[in-house]
Amino acid sequence: EHTIYLKDYAPTPYTIVSVDLDFGIAPDTTKVRAQLTIEPREGTAAGTPLVLDGEELKLEEIAIDGAPLVLSAYAADANGLTVVNPPQRRFVLETLVAITPETNTRLMGLYRSSGVWCTQCEPEGFRRITYYLDRPDILATFKVRMTADEALAPVLLANGNLVSRGSLGNGQHFAVWEDPFPKPAYLFALVAGDLGSITDTYTTGSGRKVDLAIYCAHGKEEQCLWAMDSLKRSMAWDEKRFGREYDLDVFNIVAVSDFNFGAMENKGLNIFNDRLVFARPETATDADYESIERVIAHEYFHNWTGNRITCRDWFQLCLKEGLTVYRDQEFTSDERSRAVKRISDVVTLRATQFPEDGGPLAHPPRPDHYREINNFYTPTVYEKGAEVVRMLATLLGQDGFRKGMDLYFERHDGEATTIEAFLKVFEDANEVDLTQFKTWYLQAGTPKVTVSDSYDAASQTYTLSISQETAPTPGEPEKSDVVLPIKFGLIGPNGSPMGWSGVTGGEVSDDMIVLRGKSAEITFSGVASRPVPSFFREFSAPVNLETDLTQEDRLFLARHDSDPFNRWQALQDVGLALVKDMVAGKQTDEGAIGALSAAMDDTLASGSLDDAFKALALTLPDEQLIGRAIGKDIDPEAIHRARVALIRAVFRPLAGKMRGAYVALGSDAPYQPDAVQAGRRALRNRLMALLVTADPEGPALAAEQYRNATNMTDRFAALAAIGVAWTADAAPLLADFRTRFAGDPLVFDKWLAVSARAEDEGVLERVQAILADPTFPKNNPNRLRSLVGSFAMNNPVQFTRADGAGFRFVTQFVADVDTRNPQVAARVLTGFRVWPMLEATRREAAREALTALKESEGLSRNTSDILTRMLG
Ligand code: B3K
Ligand code: ZN
C-alpha cells in the first residue's frame with residue numbers, strides 16, 4: 001500500500017526548466033495559469049507520457065505551444081495530469097486551473113489565513129496550486145504575476161525580486177516577481193493581503209545592499225522589531241562563520257496566524273507562524289524571544305543549506321534540516337552562552353528524540369521508505385540530524401569541518417543532492433574515510449555505551465573498558481557499531497585535570513577517545529592516583545551512558561569537572577539515581593539526599609557559575625525522562641509522587657536561602673531580552689517554582705509574583721508554577737490571566753497550555769469544556785496544539801490516566817481534526833509513543849483507544865501511517 005522506497009529513486013523522463021505563473025486572486029476562486037517550459041531528458045523514449053502531480057485542482061484549459069489539447073491527449077484525475085504523447089523537444093505546456101483557498105483547511109498549497117492569501121508548499125503543497133513535477137530534484141526559474149483587488153490585497157509578494165507593479169484601473173492591481181535562482185517547487189511562495197510592515201536594510205560584506213521587510217497584521221508592527229534585529233545578526237553571522245552572503249536584493253518575512261508548523265524558508269520570502277515573529281516584553285517570555293531569534297536564523301540559514309543546495313529527494317531531508325539546525329545551534333551558542341545552549345539542546349533531544357528513537361516510531365535520520373513524508377519532519381531528522389553533523393565537526397575539528405563545508409558550497413551550489421555527496425566533501429577535504437560514520441544516518445536507535453574502570457596503584461595504570469550496543473528498533477533487528485567520539489578527561493583527587501605518560505588499546509588523543517568497534521580496553525600508564533573520569537564532555541555523541549561511578553564520584557564531578565555540561569550532567573545523574581530508588585520503593589538514602597542538597601546549595605551560592613547555568617543545574621530530571629530511565633512498566637503517578645518527594649527532601653532544607661536568593665535576584669532594570677537578564681530571571685523563576693513545591697510559603701510567593709510582574713516571563717513563570725501544581729490560587733489566577741490578555745491569541749495559547757498541564761484529576765474535564773466552547777477556534781493549529789498537544793505531550797500523569805479517559809479523549813480529537821487538518825491530527829497522535837512502556841493497565845487502555853481509532857472510516861494517510869506504526 002503506497003510505500004515509497006529510496007532504492008526506487010529515478011530521475012523523471014521530462015524536466016521543467018522555467019515556469020511562468022499568473023494568479024488571478026479573488027475571494028472564493030483563484031485562477032492559476034501556468035506555462036511550464038518542459039524538456040524530455042536525454043534518452044527518454046518517444047511516446048513516454050508526461051505525468052504531473054495535482055490535487056484538488058479544477059482543470060479549465062490545457063494547451064501545448066498554444067494549441068489546445070484534444071480530450072484524448074490528456075487525462076486528469078485526483079492525483080494529477082497525464083499528457084499522453086508529449087513532443088520530444090522543448091515545449092510549453094499551458095494549463096488554467098481553479099482553486100479555492102478559502103476552503104483549504106489543510107493549510108497546504110494556497111490558503112487564506114485571517115483574510116490573507118498565503119502559501120505553504122513543502123513538501124508536497126505546490127501540486128495543490130497547479131499541475132507540476134512536485135519533487136525537489138526539479139529545479140526551475142519562476143516568474144510570477146499576481147492580480148488582486150487593491151483594497152483586499154494591497155500587498156502582493158512572491159519569491160525573488162520585484163519586476164513591476166501597477167494599477168489595472170478597475171480596482172484591481174498587479175505585481176510581477178522574478179526569482180533568478182532555479183529552485184524546487186517546495187520553495188515557491190506567494191502572499192497577498194492587507195498587511196502592515198517594518199523595513200530595514202543590510203549591506204553584505206561584498207557591498208550588496210539588501211532591502212529587508214517584515215509583514216504582519218496591522219498594529220503588530222512594533223512587535224516585529226526583535227525578529228528584524230535577529231535577522232540582521234543572522235546575516236552577519238553566516239558571513240563570518242561560514243563565509244555565506246545573501247544573494248537577492250530583497251529579503252521578506254511574512255507573519256501569518258494559521259500555520260501548520262514554525263516557519264518556512266521560501267526563497268527570499270520566508271513565511272512564519274506569527275508566534276515566532278511577535279514579541280514585546282508584556283506578552284512574550286524570554287524563551288519566546290530566544291525561539292524567535294533561533295527560528296529567524298534557521299530559516300535564513302536555509303538560503304544556503306536548503307535553497308542554493310537542496311535535497312535530491314525527501315529521504316535526504318536531514319541533509320538540509322540536520323545541517324541547518326546545527327548551524328542555528330552554533331549561532332545561538334555564539335550569540336549567547338555556549339554551555340547553557342548545549343545543555344538546553346540536550347534536554348530537548350532527550351525529551352523529544354530519545355523517546356522517538358526508543359519507541360514505535362523510531363527511524364533513521366535518513367529513512368529508506370515512507371508512506372507519508374509529512375510524518376518525517378521529526379526530532380530524529382532535525383535534532384539527531386544536527387547531532388550527527390556536530391559529531392562530524394568534533395571528529396574533524398573546526399578547521400576540517402569548515403574546509404568540508406567550503407567544498408560542499410563550491411561543489412554543489414545549484415544542485416539537488418544527497419547525504420552521500422555531503423559526506424564525500426568532508427572525505428575529500430580532509431582525506432578521511434567516513435564509510436562507517438555514515439551508519440549514523442542509516443540506522444535508528446540510541447546507542448547504549450557502557451564504561452567501567454579500574455585502577456592499579458602498584459603499576460600506576462588506569463584501565464577503561466568501553467562497549468557499545470544499540471537495541472533493535474522496528475524493522476531493524478540487527479545493529480552495526482557506530483563511530484563514537486568520546487570527549488573525556490581524567491580528574492585527580494585535588495580536582496585538577498590529570499595527565500598520563502602512555503596509552504594503549506584504543507584511539508586516544510588529549511581529550512577524545514574514538515570508539516569504532518563493539519568494545520575497547522584502554523590502558524593509561526603513569527597515572528599517579530585513581531582518577532575520576534568524565535565522559536562525553538559537551539555531550540559529544542547522542543548516546544545513553546552507563547558507568548559504575550558512585551554518587552560520590554558524581555558529586556565530585558559536579559564540583560570539579562572543567563566541562564560545564566558534565567558538571568550539570570553529574571547533578572542530573574545523582575538526582576536520577578535517587579528518584580529511581582524512590583520509585584522502586586527502596587529505603588531512602590538520607591546521606592545521599594543530604595549530599596545532593598549540599599551540592600545544590602553550593603551551586604546556588606557559587607560566585608563563578610552564571611545564573612542561567614544555575615537555573616539548569618537546579619532542575620531535576622523531568623518525569624518523562626525518569627520514566628524512560630526506568631524503561632518498562634512505568635507508573636507515571638508513582639514517578640510524579642517520587643519526584644515531588646525528592647524535590648521536598650532536597651530543597652526544603654534550603655528554603656530560607658532560596659527565598660533570600662530569590663529576593664536578591666529581583667531587579668528594577670527595564671526589560672531586555674539579552675542572555676544575562678534572561679539568565680537572572682530564569683534562576684529567580686526556578687527558585688520560585690521549587691519553592692512552590694518545597695516550601696509552604698511558596699504558593700503565596702508565586703501568587704504575589706504573578707500580580708506584581710512587569711513582564712510576561714515573570715508573570716507566566718508564576719502562572720505556570722501555580723497552574724500546573726493546581727494549588728488553591730490556580731483557578732482565580734488563570735481566570736485573571738485570561739481576561740487580562742483577552743484578544744491576544746498568542747497569550748491565549750499560553751493560557752491553554754498551562755490549563756492542559758494541570759496535575760489534578762479535573763484537568764481532562766476542563767480541557768474538554770474549553771474545546772467544546774463554540775467560540776474556540778477549531779481550525780487554528782496553534783490553539784489546537786497548545787491545548788490538546790500540551791495535554792498529550794506534557795501532562796504525563798493525566799494523559800495516561802489508568803481509566804483510559806485521557807487516551808480516548810485524544811484519539812477522538814484526532815479523528816475529528818483529521819477530517820480538516822491531517823498534519824495537526826497526526827502530530828498530536830505521536831503523543832502516544834510512550835504507550836508500550838507503560839504498566840499493564842494503562843498499556844491496555846492505550847491499545848484499546850488506538851485500536852478504536854484504527855477502525856474509524858476514512859482516516860488520512862498522515863494519521864493512518866502513524867497509527868499503523870504506533871500499533872506495530
Ligand atoms: N522546512 C520547513 C518545514 C516544513 C515542514 C513541512 N511539513 C521549516 C524548517 O524546517 O525550516
Ligand atoms: Zn529547517
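Reader: Where is the place of phenylalanine 536?

Author: Phenylalanine 536 is in the loop between β32 and β33 (544-547). Helices (H or I, at least four residues) and strands (E, at least two) are DSSP runs, numbered from the N terminus. This is a predicted model, in which local features need pLDDT of at least 70 and side-chain atom pairs count only at pLDDT 80 or more, while totals for chains, interfaces and linings use all residues. Residues are numbered from 1 along each chain as its sequence is written, and chains are lettered from A and ligands numbered from 1 in the order in which they are written.

Reader: Why is phenylalanine 536 called buried?

Author: A residue is buried if 20 or more other C-beta atoms, placed from the backbone, lie within 10 Å of its own, exposed if 12 or fewer, and partly exposed in between. Phenylalanine 536 has 23 other C-beta atoms within 10 Å, and therefore it is buried.

Reader: Is glutamate 56 buried, exposed or partly exposed, and what makes it so?

Author: With 16 C-beta neighbours inside 10 Å, glutamate 56 counts as partly exposed. Threonine 29 has 13 such neighbours inside 10 Å, so threonine 29 is also partly exposed.

Reader: Which residues does threonine 29 touch?

Author: Two residues are in contact if their C-beta atoms, placed from the backbone, lie within 7 Å. Leaving aside residues up to four places away in sequence, threonine 29 touches Ala98 and Thr100. Threonine 29 and threonine 100 are 71 residues apart in sequence, yet their C-alpha atoms are 4.9 Å apart in space. Threonine 29 sits in the loop between β2 (14-24) and β3 (30-40).

Reader: Why are β29 and β32 said to stand at the edges of their sheet?

Author: The open sheet has 4 strands, in the order β29-β30-β27-β32, with antiparallel pairing. Both β29 (507-508) and β32 (532-535) have a single partner strand, so one side of each is left without a neighbour in the sheet. Strand β27 (residues 484-491) pairs with β32 over 4 bridges in the antiparallel sense. Within that pairing, glycine 489 stands opposite serine 534 in β32.

Reader: Which residues are around ligand 1?

Author: A residue is near a molecule if its C-beta atom, placed from the backbone, lies within 6 Å of it. The residues around ligand 1 include Glu122, Pro123, Ala263, Met264, His298, Glu299 and His302. At least two residues of the shell come from β20 (263-264), and at least two from α2 (286-301).

Reader: Which residues have the most contacts inside the largest nonpolar core?

Author: A nonpolar core is a set of buried Ala, Val, Leu, Ile, Met, Phe, Trp, Tyr and Cys residues joined through C-beta atoms within 7 Å. The largest one has 255 residues, and those with the most contacts inside it are Val191 and Ala721. Helix α15 (residues 675-694) gives the most to this core, with 11 residues. Not counting residues up to four places away in sequence, alanine 721 touches Met688, Ala689, Val692 and Ala702.

Reader: Which residues of helix α12 are buried?

Author: In α12 (residues 623-630), the buried residues are Glu623, Gln624, Ile626, Gly627 and Arg628. They pack against α4 (338-357), α9 (564-583), α13 (636-651) and α22 (796-799). After α12 comes glycine 631, with a positive phi near 95°.

Definitions and conventions. Pairing = 2+ DSSP bridges.
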